[in-house]
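Please look over the sequence and the structure below. The text then goes through the salt bridges and the sheet.

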Amino acid sequence: MTDTQGRFVWYELMTTDTAAAKAFYGKVVGWGTQDMPMPGMTYTMFTAGETPMGGLLTLPEEAHKMGAPPHWIGYVAVDDVDASASRAGQLGGSVIVPPTDIPEVGRFAIISDPQAATIALFKSKTSDASAPPAPGTPGRTGWHELLAVDWQKAFTFYSALFGWQKLDAVDIGPMGTYQLFGKGSEPTGGMFNKPAEVPVPFWLYYFNVGDIDAAGGRVKDAGGQILMGPMQVPGGDWIIQGMDPQGAMFALVGSKP
């Protein structure tokens, strides 16, 4: 396996208004944008400084008609997209978008885990194995969180698929256990059983913003909603969970000045 196997390497927002999303995340997180014309569409890259960190595209009409809301999806590096998609099916998941080539870029597939949370698989055409950004790097993704129906069964699936390992477990009271995971000793995310009022399991991505109070103000000023926070979490960071003006869930992680 390569060093990137099982690592989140890209993030993508599918939304109903790309121009509005550019403005919102530019103001809130500080991202720049770079449009990439493609046959039949324009693909926009979000950039943190000079570094591309994610993509933006219009939510497909067929997905919108089926009731899919605007949403973020994370891409996890794998050594073989076809084999990993097949393995996901063997483990009880489903293949939503079959393995597909992106000319000059790589190969991807979109899958759902056995509890219907979606995630993407990716294999780059290049041998780029750059190190992950330092923790807290502004504009980069600082945490990955799965709200599951049964986190223990979900972990079994992802561990078998990506090689993730259990790290610390945090008691979160009536909500049970918050299980940290990663590859090696550095945690990259956590998973727990979703509250009953959350209708479906999903992945939530936390973007680094520095001053959390200032970022919360920018969310409101830009027309977004704060659903939870600011709240301090173990380790000292502060988080906000929110919804952008088009209805996509996102989260921010930062500090108090």
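Arg107 counts as partly exposed, at 24% relative accessibility; buried means under 20% relative accessible area, exposed over 50%, and partly exposed in between, with a 1.4 Å probe and protein chains only. This is a predicted model, in which local features need pLDDT of at least 70 and side-chain atom pairs count only at pLDDT 80 or more, while totals for chains, interfaces and linings use all residues. Residues are numbered from 1 along each chain as its sequence is written, and side-chain values use heavy atoms, leaving out hydrogens and water.

The side chain of Arg107 meets that of Asp82 in a salt bridge (2.7 Å, N to O), a term for a side-chain nitrogen of Lys or Arg within 4 Å of a carboxyl oxygen of Asp or Glu. Asp82 lies in helix α3 (residues 81-90) and Arg107 in strand β7 (residues 106-112), so the pair ties together parts 25 residues apart in sequence. Helices (H or I, at least four residues) and strands (E, at least two) are DSSP runs, numbered from the N terminus. Arg107 also forms a salt bridge with Asp101 (3.0 Å, N to O), and Asp101 is exposed, with a relative accessible area of 52%.

Eight strands form an open sheet with mixed pairing, in the order β10-β11-β12-β9-β13-β16-β15-β14; two strands pair if DSSP finds at least two bridges between them. The edge strands, β10 (165-171) and β14 (225-232), each pair on one side only. β14 runs antiparallel to β15 (residues 238-243), joined by five bridges. Gln232 has Trp238 in β15 as its bridge partner.
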